[in-house]
Amino acid sequence: MDRYVPSRSRLLTSSRPLPDFDVVAARGPWLHLADGRKMFDGSSGLLCVNVGQSSPKVFARIEQQFTRYSFGGAAVVQPHIQMELRDRLCHAVGRPEDSVALVTCGTLGVEVAVGLARNITRVRNGKRRGDILTSHLSYHGMSVLTLALAGNHARRPRPEDALGLGPAFPAPYPPTHGQAERACDASCADEVAKAIDSRGAANVAAVLLEPVNGTTGGAYVPPDGYLRRVSEICRERDVLVIHDEVLTGLWRTGTPLASTHWDGAEPDLCILSKGLGAGYTSVGAVLVSPELAPLLSHDDADPLPAMGTMATHPLQAAACLGVLDELESMDLDTFTARGERLGESLRALADQAPVRDVRGLGHLYGVELAPDLLWPLMAEAEKRGVFFYPFTGAGHPRSEGLVVAPPLTSTDEDIDFLTAALSDAVTALHPNG
Ligand SMILES: Cc1ncc(COP(=O)(O)O)c(C=O)c1O
């Protein structure tokens, strides 16, 4: 079949100055371009292609389901494949007794988590509980509600369109919690307590946060003890904790969930998306702890939030099972060591003048740059055959840089290629270091 090359002008899509590769094939982390070049995707698509492209395991699962039936919503056929997915997913993330709601993307996962949290707290603690508190450095999706709730200042709606909502507490990171005299630590969680108390706990359903920051600030990692303290503060006030692990979930930060890095940080509800579909399917999953899920079927409970026509699509579930097959066949020791090596090589860049800071965990890092160097560095990296996701930051002056997030199935050689290309690109910007 001839390649159809349509006109671009009427497709309403990203307005960012991102490269637009003409891709004819893709294998693992590599994009094969029409002009014969190969490009390493150091961004895993939009932080979602976690098991690389063209996975035979994912293909086998989709093919198997395709030959059975291609659609069957939960009200039409019994959701066997979705039940299998629930079991596999919950075991994979160490929450085997959780209940799961499936939806079609991260944003809808957040929306459904908000609905479930309100239902739960209203059955348990009274009808006023509706507020959802978020941090000033956060992104929770692209719907009217989630944009209004979150702190990502580049994407915040105009005040008159924000439904009267907005972020409620500073995140424990320099751009929104700058403290000249001392670094952020676990006591930054006191800001969460202040935010709940100023609303009145009886009005608050949940605190919603990214346990490790994604693209808004560029992979900030919370101070030790912070997430545990947030959970304690919320528990003391009968407020639920929702972790948005849309980006970080399923080993992106080296562990099944980002919260797994810290004791006592388990949330009541947890949202997964990008790493579950891994770019093969659009999916979101909301996990609800076994202590709370029974309240959703209590006589006084409101109806469950609607999850959408495509919420329990069998091909979606099949693709997710294939992704879990891939993730569970990784040699975890090798994978962990590779993430550490990636981190070490990136941290070594912090000695070079254009780089201001390197932070992150596992296969997720933020490389913060001196002002005005982001796009020149993207161009230098691209010349060397590698592409990253830009973050355009927060604070004044804005912190900006690259999110480095290769597929989790990258090999040692792949990671060495990526770090060498990025290091050369940084040197090219500033030859004298
Ligand atoms: C932390 C976080 N939450 C929610 C979303 C929204 O997910 P989606 O784009 O799949 O709707 C994103 C997407 O980037 C995200 O990074």
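**Figure 1. Strand E11 is a mostly covered strand in this predicted model**.

**Figure 2. Strands E10 and E11 form a hairpin**. Strand E10 covers residues 355-361 and runs antiparallel to E11, joined to it by 6 bridges.

Figure 3. Which residue of E14 is the bridge partner of Val-367? The partner is Leu-402.

**Figure 4. Domain 1 touches domain 2**. The protein is divided into domain 1, made of 23-55 + 330-429, and domain 2, made of 57-328. The centres of the two domains, taken over C-alpha atoms, are separated by 26 Å. Domain 1 gives 30 residues to the contact, and domain 2 gives 35 residues. On the side of domain 1 that touches domain 2, the elements that give two or more residues are helix H1 (44-47), helix H10 (332-348), E10, E11, strand E13 (389-391) and E14. Which element gives the largest share of this side? E11 does, with 4 residues. By class, this side of domain 1 has 13 nonpolar, 15 polar and 2 charged residues.

**Figure 5. An open sheet has 4 strands**. The order of its strands is E1-E2-E3-E12, and the pairing is mixed. Strand E1 (23-27) and strand E12 (386-387) are the edge strands, each pairing on one side only. E1 runs antiparallel to strand E2 (residues 30-33), and 4 bridges join them. Within this pair of strands, Ala-25 has His-32 of E2 as its bridge partner.

**Figure 6. A shell of 15 residues lies around the ligand**. The residues that come nearest are Cys-105, Gly-106, Thr-107, Gly-141 and Val-246. Helix H4 (residues 106-125) supplies the largest share of the shell, 3 residues. How many residues of the shell are nonpolar, polar and charged? The shell divides into 6 nonpolar, 7 polar and 2 charged residues.

**Figure 7. Leu-47 and Asp-238 have positive phi values**. Leu-47 lies in helix H1. Its phi is near 60°, a positive value in a residue other than glycine. Is Leu-47 buried or exposed? Leu-47 counts as buried because it has 21 C-beta neighbours inside 10 Å, and a residue is buried at 20 or more. Asp-238 is not a glycine either, and its positive phi is about 60°. Asp-238 lies in the loop between helix H7 (226-236) and strand E7 (240-245). Asp-238 has 16 other C-beta atoms within 10 Å, so it is partly exposed.

Key:
Residues numbered from 1 in each chain as written. Predicted model: local features only at pLDDT ≥ 70, side-chain atom pairs only at ≥ 80, totals over all residues. Buried ≥ 20, exposed ≤ 12 C-beta atoms within 10 Å, placed from the backbone. Pairing = 2+ DSSP bridges. Near = placed C-beta within 6 Å. Nonpolar A, V, L, I, M, F, W, Y, C, P; charged D, E, K, R; others polar. Domains from an automatic or database assignment. Contact = placed C-beta atoms within 7 Å.
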